[in-house]
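Have the model open as you read.

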Amino acid sequence: MTSIPFTLLLLVTMMVPTTSAQGGISTCCLKITGTKVHRDLLRKYYVEDPSSCTQHAVVFTTVQGKRICASKTNVWTKTSMAYIDGKNWQQKHQTLKTTSLTGI
């Protein structure tokens, strides 16, 4: 009788890190789409964890909060990731420059 609760506890303990790694199973891409939007409409991205999700995808979030699942090997995906990285780098350095000029 004691082995059933112990087994359930063990299963739950094993599943928690997997489901929480990306914010839950529902955040994994079920399929990769060929949707391409203008890069100015993309806010951020992340690469799905292959140990948690079956698709090996890059997930873009638009300024409207929509998610786009793209192939990691797609040229559009790679250039969009580089664009977002560059935009974030520029914003970070602009903020640092402004902060150092104002003396804050």
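Is Cys28 buried or exposed? Cys28 is buried, at a relative accessible area of 11%; here, buried means under 20% relative accessible area, exposed over 50%, and partly exposed in between, using a 1.4 Å probe and protein chains only.

Some ground rules before going on. This is a predicted model, where local features need pLDDT of at least 70 and side-chain atom pairs count only at pLDDT 80 or more, while totals for chains, interfaces and linings use all residues. Residues are numbered from 1 along each chain as its sequence is written, and side-chain values use heavy atoms, with hydrogens and water left out.

**The fold in brief**

The chain has two helices and three strands, arranged along the sequence as α-β-β-β-α. Those elements are DSSP runs numbered from the N terminus: helices are H or I with at least four residues, strands are E with at least two. Of the 104 residues, 22% are buried. Take contacts (heavy atoms within 4.5 Å) with a separation of 6 or more: 49% of them are between residues 24 or more positions apart. The chain exposes about 7,600 Å², with 64% of that supplied by carbon and sulfur atoms; the areas come from the Shrake-Rupley method with a 1.4 Å probe, and for residues only the protein chains shown count as cover.

**The disulfides**

Searching the whole structure turns up two disulfides, each defined as a pair of cysteine sulfur atoms within 2.5 Å.

| Disulfide | S to S | Torsion about S-S |
|---|---|---|
| Cys28 to Cys53 | 2.0 Å | about -65° |
| Cys29 to Cys69 | 2.0 Å | -85° |

The Cys28 and Cys53 link is left-handed because of its torsion of about -65°. This pair connects distant parts of the chain, 25 residues apart: Cys28 sits in the loop between helix H1 (3-20) and strand S1 (42-47), and Cys53 in the loop between S1 and strand S2 (57-62). Cys53 is buried too, at 3% relative accessibility.

The link of Cys29 and Cys69 is also left-handed. Cys29 is in the loop between H1 and S1 while Cys69 is in strand S3 (residues 67-71), so this bond ties together parts 40 residues apart in sequence. Both Cys29 and Cys69 are buried. Number the bonded cysteines in sequence order and the pairing reads 1-3, 2-4.

**A look at Thr77**

Over in helix H2 (residues 75-102) you'll find Thr77. Thr77 counts as buried because its relative accessibility is 0%. Leaving aside residues up to four places away in sequence, Thr77 touches Val58, Phe60, Ala70, Ser71 and Lys72.
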